[in-house]
Every structure is written in C-alpha cells, then in structure tokens.
Amino acid sequence: MNITDEQVRDPLEAAARSLRTIAEQAGRGEYLKDMIQVCGYANSRATVAEKALAARVAGSVPEGLAERIESAIQRIKDGHACMRVPADATDPDLVLAEVLAWIKGQKAPFWVKPATARAGVDAAVLAELELATTKFPTWPTDPLHALAVLGEEFGELGKAVLQSVYEPHKVKPGEVRAEAVQTAAMALRFLMSLDAYVYAPGEQHQQGGGNG
C-alpha cells in the first residue's frame, strides 16, 4: 500500500483510499481476473466510505458560515469592506478569520455564537412570513389598519395562552407556539412597511348632540 493510516489522519479517509488501491491492483493483475467480484466489492465499499467522509466534512462546516461568506463577498462588491465599529459577523475580516480558524481546526472565534433554539424560531417565523406575504401580498398603508392586523394575531395568541392556563382541553398541542410564530411574522410585516405608511387622520363624523 502506498497510503497508510499514519499518513492519513482520518481513518475513514484511509479506509476509502486503501480499498480503492486494492481494487485497482486487483483489476490490473492477470492472475486476479477470477476475482472480479472482489474488485467490485472493494470499489463499492470505497464509494460508501468516500460518501460518508464527504457527508461528515460537509456537516462540520460552522452553521451559517456560507451565508456569512456570501454577505462578506457582497459587501466587498459594494465597496463596504472596511472594518466597522461596532463590528458585524459579516464583516469580511471577521468572516475570513472564522474560515481560517475552521481550516486550522482551532476554536471558533468569540463572535461566532453556537446554534441555539433561536435558530429554529427564526426559521419558523421567516417561513410564516414568506407564507403570509405569498398568500396576502398586499398590506394596509394606513398604520392603524396595519396595527389592527397585528393586534388580531396577538389576540389569537392571548386566547391560546389563556385557554392553556384555564381550559387546556380546548388547546391543541403546539397551538401557543403556532400563534406566537404568526404574531411575530405579522410584527415583521408591520415593520417592513414603516416607510410606506401614511400617517394621516381618518375621516370622522359627529355622534350625539352636536350643538348642545
């Protein structure tokens, strides 16, 4: 064998390369023609090992690193690659430092926070936001009307929480979370249109005795 376990740090990679070498040697040897099945098996095992190695390497990439790299590249293209105060995780110098630490097998930089439950919450809210804007692409220009839409969702959340406390038999599993996600999505929609709102009083009419 030209490659040994000592030469390759990862035992999975060593196994893949060794199996591939065995298969190649078996295929070249005239006296091994009757061993074609062994050759095929060795190749198939090598393929499995290589795929497992590739999957493991792909899974080791720090979460969100690809997105941060893309953001850093875009900032460079836009001419905003200089260091900022306060710093941001997508600053090119910080992204490159993170990549360098990952390549060297060093501990992630202090500004790279580990994945938490927030990641799942963010994904759920953004998915709900996408669903809502696709189903109902328009949004009120009147801020009070928009606030009423948000208030309706908050009311549904309040109802789910109250029933969970006092009438749990009326609440489906996960209903509070679902309503909270919908409320958060509507809050984002409200924020998205801050620059589009027309802050003007609506028409009003008299009630009761006007001149008395």
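Visitor: Of the contacts in the chain with a separation of 6 or more, what percentage comes from residues 24 or more positions apart?
Guide: The model is a predicted one. The count considers contacts in the chain with a separation of 6 or more. Within that set, the share of residues 24 or more positions apart is 55%.

Visitor: How much of the chain is made up of buried residues?
Guide: A residue counts as buried when its relative accessible area is under 20%. The chain has 212 residues, and the buried part of them is 24%.

Visitor: Is H6 roughly parallel or roughly antiparallel to H7?
Guide: Helix H6 covers residues 143–166 and helix H7 covers residues 175–192. Their axes lie 9 Å apart and the packing angle is about 165°. Angles over 145 degrees fall in the antiparallel class, so H6 is, relative to H7, roughly antiparallel.

Visitor: What is the handedness of the crossing of H6 and H7, and how many nonpolar residues does their contact have?
Guide: The crossing of H6 and H7 is left-handed. On the H6 side the contact includes Leu147, Leu150, Phe154 and Leu157, and on the H7 side it includes Val176, Ala180, Met186 and Phe190. By class, the contact of H6 with H7 has four charged residues, three polar residues and, as nonpolar residues, 14.

Visitor: Is lysine 172 buried or exposed?
Guide: Lysine 172 sits in the loop between H6 and H7. The relative accessibility of lysine 172 is 63%, and the cut-off is over 50%, so lysine 172 counts as exposed.

Visitor: Is arginine 189 buried or exposed?
Guide: Arginine 189 belongs to helix H7. Among the residues that arginine 189 touches are Leu129, Phe136, Trp139 and Tyr197. With a relative accessibility of 6%, arginine 189 counts as buried.

Visitor: What distance separates the C-alpha atoms of arginine 189 and alanine 132?
Guide: Alanine 132 is one of the residues touched by arginine 189. Along the chain the two are 57 residues apart, while their C-alpha atoms are separated by 9.1 Å.

Visitor: Why is the pair of phenylalanine 190 and tyrosine 197 classed as it is?
Guide: The count of aromatic pairs comes to two. In the pair of phenylalanine 190 and tyrosine 197, the ring centres are 5.2 Å apart and the planes stand at 45°. An angle under 30 degrees would be stacked and one over 60 edge-to-face, so this pair is tilted.

Visitor: Which residues form the aromatic cluster?
Guide: Tyrosine 197 also pairs with tyrosine 199, edge-to-face, at 6.2 Å centre to centre and 85° between the planes. Tyrosine 197 counts as buried at 8% relative accessibility, whereas tyrosine 199 counts as exposed at 60%. The one aromatic cluster is formed by Phe190, Tyr197 and Tyr199.

Note on methods: Residues numbered from 1 in each chain as written. Predicted model: local features only at pLDDT ≥ 70, side-chain atom pairs only at ≥ 80, totals over all residues. Heavy atoms only, no water. Phe/Tyr/Trp six-rings, centres within 6.5 Å; stacked < 30°, edge-to-face > 60°. Buried < 20%, exposed > 50% of the residue type's maximum accessible area, 1.4 Å probe, protein only. Axes fitted to C-alpha atoms, helices over the stretch in contact; angles between N-to-C directions. Helix = DSSP H or I, 4+ residues; strand = E, 2+ residues; numbered from the N terminus. Parallel < 35°, antiparallel > 145°, perpendicular 65-115°, else oblique. Left-handed = near helix turned anticlockwise from the far one by under 90°. Contact = heavy atoms within 4.5 Å. Nonpolar A, V, L, I, M, F, W, Y, C, P; charged D, E, K, R; others polar. Lists of a residue's contacts leave out its neighbours within four places in sequence.
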